[in-house]
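Here is a brief report on a few local features.

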Amino acid sequence: MPRAQDVISVASAEVGYREGHSNGHWNNQQKFSPTVPGLEWSQGQAWCHTFVSWVFRQARIPGLAPVTASCATGVEWFKSRNAFSAYPATGAVVYFGSGGGSHVGIVERYDSTHVYTIEGNTNESGSAEGDGVYRKQRLRRDPYVYGYGYPAYAEGIDSADPAWGRSHPKPVPEPEDDLPWVSFQQIYWAATHTVEEQRGLAVPDTPRDDVEKAQAALQKKAGLSGHQVGLWDAATRDAYRRWQETLYGPGPDSDGLPGRSSLVLLGRQTATFRARDFDTPYRPDPPPPSPPVADAVSLAELRPGQANNSVRVLQRALSKEVPTKFPAALLESAEYGRYGEKTREAVAQVQSNLGYSGSDADGAIGVKTLRSLAQKYGFRIQDDRQDSGSGAEGRGRLQLSDVAYNDPGDASGDTAMRAYAQRACELTGMDPQYGVPALTTIAGRESAFNHPKWRVNTTDSNAWGPQMADGHPQNCSRGATQCIPPTFAEHHQQGTALTPYDVVACMSATINYVRSRYGVNQSGSNFAARVQQADPNRPPRGY
């Protein structure tokens, strides 16, 4: 069934519902506010837009309409997407009153004279402050009708707008397609915990990078300054409160805590990020006790972005070898134990000192550079090797310089991904009943099923290094399941292509990687459980 009809069906089923009644009065107590995450506070308030948000959530397409209790915010949400019209459309969200800020409903159908709507918090007379859910008939030319927000239904939208077209609906553009994502739940967690608690997180995936993006937006919109970068401190909270006041005015809605609608609008209006991950609360594991620094490292663990004890050993050596690039003070900072930008710069300096240049001095450490440090500072390399021959489990590890950057133009789409995943499972010994759906889910989320536009990511934190033959920085994520070249080289499957753009090669390397990194077993029966990005029943999350 088309999605617009899903929305209309959900709304229709509520016609006749009435809010609570006490002391001889209707009291705005209703069932919708408590079941829309982020709008629980609106219980007892005017609930016409809360009803609209609830309907889209019940129709399982919450992203097609704003999650807000404010009609003015709803109008801004659609206008910012170039999805607002003066003409009705089936399944559109209709706004009433000055600036559209008085009342809202859902369009069930329309004709040349009237628009037929389903509205919450109204009554028989069509009041903007009523007692329940009603079907209403309104004149299209009624000055009370302000305009219509057009949800981006998959099937398009049946509109009376001649610029939109009924036979060929105009697609709703998403101008933020190339913007990085932030997690609402991680930012909300940071905003509701102390700076000390935020700083104490030891898990690899902390809120810091997402908070930093929000802070950059707040510098543009609310004059944020004097803050601790990556930490939701008092200055950040105060700036966010000022941002909320531009949307809602002073009051309980402007408390400095990020809400879904305000965070989405902040990213959109500053063109700095997109927000997602609205439903699953962020619950970081408690930080483990700090282990003693070992006297041995694993080359496989020394990759940009990784956080582990091998990185600590390397950093202790770097603080002595190139103290101007990696000062000893960093051993007491959040950089300690994580292969971040400072570590990469220090490794690049060591490589340069050893006579390497170009892509051989890019800050991604190789065995020869690591050996020179190990000999000088007395630690062992657990997985030292002389060549790049095949390793355990049928892998054919590559040197980074062996990775190719040609794109064979493999097919895209869900069906093609399943066929490629089947072959990758055969090569790596994974049971296809587990591996195929997991890999296909990853490919859908990481590259839109190997769509040509998304086969290389040039905007995330991995996009650094010298330009390669494909015209992009060396360390960019590439391929259907988005492998960075060092990971692809380390986990390359013997007998597959040398480029991550080859879907079978990329998926095979992904299987080897998740087995090594996340403990996915040989059959893959715990693939979706161990890797959230492979589980279609959980929200997307980088892996």
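Ala92 sits in the loop between β3 (84–85) and β4 (93–96). Strands here are DSSP runs of E with at least two residues, helices are runs of H or I with at least four, and both are numbered from the N terminus. The model is predicted: local features need pLDDT of at least 70, side-chain atom pairs count only at pLDDT 80 or more, and totals for chains, interfaces and linings use all residues. Residues are numbered from 1 along each chain as its sequence is written, and side-chain values use heavy atoms, without hydrogens and water.

Is Ala92 buried or exposed? Ala92 is buried, at 0% relative accessible area. Buried means under 20%, exposed over 50%, and partly exposed in between (1.4 Å probe, protein chains only). Beyond its neighbours within four places in sequence, Ala92 has contacts that include Gly105, Tyr148 and Ile157. Contact means heavy atoms within 4.5 Å. Asp158 is 66 residues from Ala92 in sequence, yet their C-alpha atoms are 9.1 Å apart.

Next, backbone angles. Most residues other than glycine have a negative phi.

Last, the cavity. Residues lining the largest cavity include Ala300, Arg303 and Tyr513. A cavity is a set of points on a 1 Å grid over the protein atoms alone where a 1.4 Å probe fits but cannot get out; lining residues have an atom within 4 Å of a point.

Note on methods:
On a 1 Å grid over the protein atoms alone, a cavity is a set of points where a 1.4 Å probe fits but cannot get out, and a pocket is an open set with protein on both sides within 12 Å along at least five of seven lines; lining residues have an atom within 4 Å of a point.
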